[in-house]
Amino acid sequence: MKTRPAQSPPSPDGLPRPSPHAKETTAQLKRLIASLRHSTVELAASNLELSREITQRKKAEKALKRSELHYAQLLAQSDLQQQKLRHLSRQILSAQEEERKKISRELHDVIAQTLAGITIRLAALKKEAKLKTRSLDLNIARTQRLVEKSVNLVQQFARELRPAVLDDLGLIPALHSFMKAFTARTGVHTRLTASAGIERLDTTRRTALFRIAQEALTNVARHARASRVEITLRELPNSVSMTVQDDGISFQTKETGPSRGRKRLGLLGMRERVEMVGGSFDVESSPGKGTTLTAHIPLGKAKPAKSTPAAP
């Protein structure tokens, strides 16, 4: 007679009791659900943190865009101010040149002639004084010499303000005259090489080249300690170039310290004069080679160059 396997007693509610395997499966399922809930909580926290970070990044992007817009506005304002300053500087240079012409004419036509008249009158008095005391003759002669000296100073001042030879004879004779006087005054030897076609330039361009040469030689006398300066004017297909080269001490072309203040202002003035007539200006300086200034000015009617932002 066969024996039947023992069965688990029924549960109080009449249902069969779960097997150990089912219990284990249920426990694993509960652990999985708990792990899933924990992962869900962590994921929610991560999503919240990510959302906060995205919000912060958007705020930072907006702030950056506002900053870029503000910077662009400041840059545009800076460019506008630079253009206004350049325009004002050119107006000042033009007005200065006109004022120099006026003062030069006044010195030459009025004051110099008045002093010359005094000299003639003193010469007449000197002849009359021959019949009188020798003391009067000496006083008149001394006064006459002072007046002649004054006449020479006034004429020199008038030439420096606006040399009449520049308007009457042209750029090359004016440069020859100025360089001759410069050598006599400073002892620095000068040499001028120029193409005759330079004289076809209009008055504005000739004046600009003369003033650049004048300021360059002034810088040489003040700062370079040079023994020789050479100015070369060349006529190119579409422009005119002028180089001023000296054999003096070099300097840093980017230097802006107070020791170079006057020289820096002189270079800026020369650059402005070149740009007023649509040209370009360059400076090269190196130890043992001195300094070379180069100005390129286009041919034709003067057109001011467009202003560009200054390099930092």
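Me: To start, is R225 buried or exposed?

Reply: R225 is exposed, with a relative accessible area of 72%; here buried means under 20% relative accessible area, exposed over 50%, and partly exposed in between, with a 1.4 Å probe and protein chains only. Before going further, note that this is a predicted model, in which local features need pLDDT of at least 70 and side-chain atom pairs count only at pLDDT 80 or more, while totals for chains, interfaces and linings use all residues. Residues are numbered from 1 along each chain as its sequence is written, and side-chain values use heavy atoms, with hydrogens and water left out.

Me: Where does R225 sit, and what is its phi near?

Reply: R225 is placed in the loop between α5 and β2 (228-235), where helices (H or I, at least four residues) and strands (E, at least two) are DSSP runs numbered from the N terminus. Its phi is near 55°, which is a positive value in a residue other than glycine, and this residue comes just after α5.

Me: And α5 itself, how many of its residues are buried?

Reply: In α5, 16 of the 22 residues are buried, so the helix is mostly covered. From its first C-alpha to its last, α5 reaches 30 Å, close to the 32 Å expected at 1.5 Å a residue; the expected span is taken as 1.5 Å times one less than the number of residues.

Me: Switching to rings, how many aromatic pairs does the structure hold?

Reply: The structure holds one aromatic pair, under a rule by which rings of Phe, Tyr and Trp (its six-membered ring) pair if their centres lie within 6.5 Å, with planes under 30 degrees apart counted as stacked, over 60 as edge-to-face and the rest as tilted. The partners are F178 and F210, which are edge-to-face at 5.9 Å centre to centre with 70° between the planes. The pair links distant parts of the chain, since F178 is in helix α4 (residues 171-186) and F210 in helix α5 (residues 203-224), 32 residues apart.

Me: Are F178 and F210 buried or exposed?

Reply: F178 is buried, with a relative accessible area of 15%, and F210 also counts as buried, at 2% relative accessibility.

Me: OK, charges next. How many salt bridges does the count come to?

Reply: The count comes to four salt bridges, each being a side-chain nitrogen of Lys or Arg within 4 Å of a carboxyl oxygen of Asp or Glu. Among them is the one between R200 and E235, with an N to O distance of 2.3 Å. R200 counts as exposed at 65% relative accessibility, whereas E235 is partly exposed at 30%.

Me: What about R57 and E53, how do they meet and where do they lie?

Reply: The side chains of R57 and E53 meet in a salt bridge at 3.0 Å, N to O. They are four residues apart in helix α1 (residues 20-129), and are therefore separated by about one helical turn. In general, an α-helix has 3.6 residues a turn, so residues three or four places apart point the same way. R57 counts as exposed at 54% relative accessibility, and E53 as partly exposed at 33%.

Me: Which residue does E24 meet in a salt bridge?

Reply: E24 meets R31, with 3.8 Å from N to O; E24 is partly exposed at 41% relative accessibility, and R31 is partly exposed at 49%.

Me: Moving to the strands, in which sense do β4 and β5 pair?

Reply: Strand β4 (residues 280-286) and strand β5 (residues 290-298) pair in the antiparallel sense over seven bridges, where two strands pair if DSSP finds at least two bridges between them. E284 stands opposite T292 in β5. The hairpin has three residues between its strands, and there G288 takes a positive phi near 85°.

Me: Last one: what does R273 touch?

Reply: R273, in helix α6 (residues 261-276), touches L93, Q96, E97, R100, A208, R211 and I212, not counting residues up to four places away in sequence; contact means heavy atoms within 4.5 Å. At 12% relative accessibility, R273 counts as buried.
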